[in-house]
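Here are a few friendly notes to read alongside the model. Please keep the structure open as you go through the points.

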Amino acid sequence: MGKRVIIKCETRKKNLHPIRCVLSLRRLKVTRRTPNKLQPFAGMGTSVGGFLAVVVSALIFLAVSAATIFEPISDPHRSAALELFVPQDGSFGSLEETYGALRTFEVLGVDRKSEISKAACQSVVKTLESSSSPPKEIFYALKVNGILHCKINEKVFEGIISSLQATVGSASSLFDFYFSIRSLVLIKDEASKDDLHLGDAEGIFRSIKALSQSDGRWRFSSNNPESSTYAAGLALEALAGVISLSSPEIDQSLVGTTKNDILKLFDSIENYDDGALYFDEKVVNAHKLQGPLSTTSSVVRGITAFAAVASGSLHIPDDKILGLAKYFLGIGIPGDAKDLFDQVDSLACLENNRIGVPLILSLPATVLSLTKKDILKVTVNTVLGSNAPPLTVKLVRVLSSNTKGGLMVDKELKFDPSISAFFLDAFPRSIGVGTYNFVFEIVFHDPENRKVYVTGSQTEFPVYITGAIKVDNAEIVLLDSDLGSIETQKKLDFSGENLVSLSANHLQKLRLSFKLTTPLGHAFKPHQAILKLTHETKVEHIFVVGNFGEQFEIILDFLGLVEKLYYLSGKYDIQLTVGDAVMENSFVKAIGDIDLDLPEPPEKAPHPPALPADPYLKYGPKAEIAHIFRAPEKHPPKELSLTFLGLTLLPSVGFLVGLLRLGVNLKNFPSSAVPATFALLFHLGIAAVLLLYVLFWLKLDLFTTLKALAFLGPFLMFVGHRILCHLASTSTKLKYA
């Protein structure tokens, strides 16, 4: 009966970062029964008022959330960056993390250089001056230096250049090529070394190109047969660096082949229903698996870097570039620092690229009230929120969810420079309260801007127009079952608190009718129109109110409903519920009551269902439990127990007396170190066994005692055997002596 909510976090291929949570709406079909054959709903809740409140508020929320509204980067991203990138004692864990923070702050316009520069520059200088720094550390040190402009000796760059060129010449993996070549490009830009070139640029280009695959993906090395989409982005950045460092130029046939590889890579792009496009990693090894965000970010950096240096254009379709922008904007605000950097850095690459700068058309509000005379506003910005070039936004057509086809509007929106937004001064007369899809189109004032910016053909948004619905011609009537003549007729006023009181028998009918109109006078059909009869025994019966054109009407034939009403005579409360996601004044209204006189139930008539138990009763006080404990058993007198205890100790006393009479002494105790140790351990073991018996008597259980004896028994056998062997040996020597 309505809609159900599905909150889905898509983590494709066990992605480590579930970064895209989609709130989707599943529509379920509702069969509205006609009044001539009424059936009360089974299994409905006991409170239609609470049900309506949940339905209406959920529909209003879901109506807004169901469609993705892509908005440019804004202040929430800046706040998130300040929370995620927090230096410890003025520094980050590594130069890679430092660059991620600085780059994110730079793109978002957050000034934090003064807090980071001191420790970061020290790390940069230390890394660049060290002859043992790997290419990766050098790369990120140069990246950080490009933002902070640390003071570095020119001679340091000379040593790094020769080291990196040697690494490029002997490189065998894609990472070696990438970090070395991109580092040389950074040095060329930062140190203004225009004469910095690669010795065999075309040969290096071919070496990197040899790692490409037929589907546009690349391998990380020649020894690794697996292809990777993430590696494709690294390879394209490396090839862009080779072109920048080449002299003379690279063979254009190689550049053209690489452009074809990029187009093949886009054949494997994946999409969401809202038009967002992304690349997903497909490598088998889990340690190399990258999530969709990092993979897509790598590809975007690669294609924008390659397009910036390659001659000609890449001919990537506009909808692909716009879809990538929608993906990065559609993930919201990531909760991980690395993910936020990938998102912001990729959007910065799309903001300034030669392929096409995407423009985002968005609606600040998609729920508009006719009662409050809200105005439809539209904004057009780049992905980072910059202003768009001079253009016009047109409302092309309006599609209604309740009717087939659409209304052709072709109306130009006006521009308000004070808020940098376009607005529609008035809705067409035919657009009333309801759910619509507005289709917009962007037209540039200067046609040359179409070569620079990407807008897509047309953009469609759901718009929900709400309003206060007026209830007219409401009345409740009792009809004669045979003739259909009116016996009792009463007008209803839903704005007041007046209640009606009726009496009827099973030979009569009850008719409730009313008319709903919008503020513009259009007929309105709500999502929910429910009539509820509640018997004085709390048994509820719920019916759907049908409509005939503009008129809503329901007729209850009590003769046909006596079995459904369980033959329960007496007073029934009447309640009407009308609600819709776009109805601002949805209501649950008590109309009054009706006293029904129904015939006596036959023998096999169905019984009313048992009323549901109050769920809060389980938290109430429990019944008192009365228990009589068994009388304790009779014990012997205390004096007898103490006498028996003394008798049990007599053997121990006798044992001590016997030892004294026998003249026990320590003359035969071994004097040598090893035998003396065994003898001491033997006596300690005997004492431990006696102590264990005492503990068993006082507190230990049988199983614990047996476990201890399982250890002490073999121990006593071993040390006892050794000391007895020593005593036997000593006795034998004395005998022969």
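1. How much of the chain over residues 708-725 is helix, and how much is strand? The stretch is 100% helix and 0% strand, with its end C-alpha atoms 26 Å apart. Helices here are DSSP runs of H or I of at least four residues, and strands are runs of E of at least two, numbered from the N terminus.

2. A word on the basis of these notes: this is a predicted model, where local features need pLDDT of at least 70 and side-chain atom pairs count only at pLDDT 80 or more, while totals for chains, interfaces and linings use all residues. Residues are numbered from 1 along each chain as its sequence is written, and side-chain values use heavy atoms, leaving out hydrogens and water.

3. An unreviewed UniProt entry lists "transmembrane region" for residues 41-70, 640-664, 676-696 and 708-725. Such positions follow the numbering used here, feature names are shortened, and annotations may be inferred rather than shown by experiment. Residues 676-696 are 100% helix and 0% strand, and their end C-alpha atoms lie 30 Å apart.

4. The model has 1 disulfide, counting pairs of cysteine sulfur atoms within 2.5 Å. The partners are C121 and C150, with sulfur atoms 2.0 Å apart. They link distant parts of the chain, 29 residues apart: C121 sits in helix α4 (residues 113-129), and C150 in the loop between α5 (135-148) and α6 (154-169). The torsion about their S-S bond is about -80°, so the disulfide is left-handed.

5. C121 and C150 are both buried (under 20% relative accessible area; exposed is over 50% and partly exposed in between, with a 1.4 Å probe and protein chains only). C349 is buried too, at 15%, whereas C725 is partly exposed at 37%.
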